[in-house]
Amino acid sequence: MPLTESKVLQGKRPDKETFRQSLADDWQRAFPHSVRGTAADIMGCNPKTISNAVAGNNVPEAYTVLSSLLADKTALQSTLALFGLEVRPLRTEAANDIATLANLSSLSGEWLERIKDGVRCHRDTCAIADLLRPILPALVALVAEADRIKGAA
């Protein structure tokens with residue numbers, strides 16, 4: 001089948017500016033200033049590479065962009081969605097139950113504090129999501145482990 005007839009190319013290709021902005025937004029969310037050094041070590045780059053991409057000054061090479069998934073499995077969530085894709089790890093690790101529960105407890109307290117006025121505004125939503133995001137891989141791993149046990153995966 002010629003490439004022009006391929007089902008892979010049926011979607012509209014995003015322009016480079018949309019890609020750059022999406023990557024900047026994804027990395028801003030996934031790598032706040034406090035974790036950029038650690039993320040850069042995991043990705044094998046300089047923290048300035050992350051800061052420059054977040055500022056929209058450049059788009060790192062593909063190897064660096066893809067390596068960001070090693071630091072945070074959600075680091076390219078919106079960027080890959082531009083192409084109709086999402087990241088699903090081939091292997092999951094069982095969640096560390098004590099750390100996961102501690103993080104969930106902390107999240108629950110913060111969530112309750114933010115909605116005690118009966119309203120969850122856009123700032124509350126973003127703050128809660130930022131606290132929830134690092135916990136999600138552990139929760140997904142736990143569910144995947146249960147699916148394997150049940151024979152559903």
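A residue counts as buried when its relative accessible area is under 20%. In this predicted model, Trp27 and Phe31 are both buried.

**The nonpolar core**

The largest nonpolar core has 16 residues. Those that touch the most other members are Trp27, Phe31, Met43, Ile50 and Leu76. Two or more residues of this core come from each of helix H1 (16–30), helix H2 (36–43), helix H3 (47–54) and helix H4 (62–71).

Met43 shows which residues meet in this part of the model.

Ser68 lies in helix H4 and is buried, with a relative accessible area of 0%. Not counting residues up to four places away in sequence, Ser68 touches Trp27, Phe31, Met43, Ala75 and Leu76. Trp27, Phe31, Met43 and Leu76 are among the core residues that touch the most other members.

Pro32 is found in the loop between H1 and H2. With a relative accessible area of 34%, Pro32 is partly exposed. From Pro32 to Ile50 the C-alpha to C-alpha distance is 9.7 Å, and the two residues are 18 residues apart in sequence.

**Aromatic pairs**

How many aromatic pairs does the model hold? The count comes to two. One of them is formed by Phe19 and Phe83, with an edge-to-face geometry of 6.3 Å centre to centre and 70° between the planes. Phe19 lies in helix H1, whereas Phe83 is in the loop between helix H5 (77–81) and helix H6 (97–114), so the pair ties together parts that are 64 residues apart in sequence. Phe19 is partly exposed at 21% relative accessibility, and Phe83 is partly exposed at 43%.

Trp27 and Phe31 form an aromatic pair that is also edge-to-face, at 6.0 Å centre to centre and 65° between the planes. Both Trp27 and Phe31 are buried. An angle over 60 degrees counts as edge-to-face, and the planes of Trp27 and Phe31 are 65° apart.

**Cysteines**

How many disulfides does the structure hold? There are zero. For Cys126, the closest cysteine sulfur is in Cys121, at 8.7 Å, which is too far for a bond. The cut-off for a disulfide is a pair of cysteine sulfur atoms within 2.5 Å. Cys126 is partly exposed, with a relative accessible area of 49%. Cys45, by contrast, is buried at 17%.

**Helix H8**

Leu139 is found in helix H8, which covers residues 136–150. Leu139 is partly exposed, with a relative accessible area of 26%. Leaving aside neighbours within four places in sequence, Leu139 is in contact with Thr100 and Leu104. The C-alpha atoms of Leu139 and Asp97 are separated by 9.4 Å, and the two residues are 42 residues apart along the chain.

**Accessibility of selected residues**

The table collects values for some of the residues described above.

| Residue | Relative accessible area | Class |
|---|---|---|
| Ser68 | 0% | buried |
| Cys45 | 17% | buried |
| Phe19 | 21% | partly exposed |
| Leu139 | 26% | partly exposed |
| Pro32 | 34% | partly exposed |
| Phe83 | 43% | partly exposed |
| Cys126 | 49% | partly exposed |

Methods:
Residues are numbered from 1 along each chain as its sequence is written. This is a predicted model: local features need pLDDT of at least 70, side-chain atom pairs count only at pLDDT 80 or more; totals for chains, interfaces and linings use all residues. Side-chain values use heavy atoms; hydrogens and water are left out. A nonpolar core is a set of buried Ala, Val, Leu, Ile, Met, Phe, Trp, Tyr and Cys residues joined through side-chain atoms within 4.5 Å. Buried means under 20% relative accessible area, exposed over 50%, partly exposed in between (1.4 Å probe, protein chains only). Helices (H or I, at least four residues) and strands (E, at least two) are DSSP runs, numbered from the N terminus. Rings of Phe, Tyr and Trp (its six-membered ring) pair if their centres lie within 6.5 Å; planes under 30 degrees apart count as stacked, over 60 as edge-to-face and the rest as tilted. Contact means heavy atoms within 4.5 Å.
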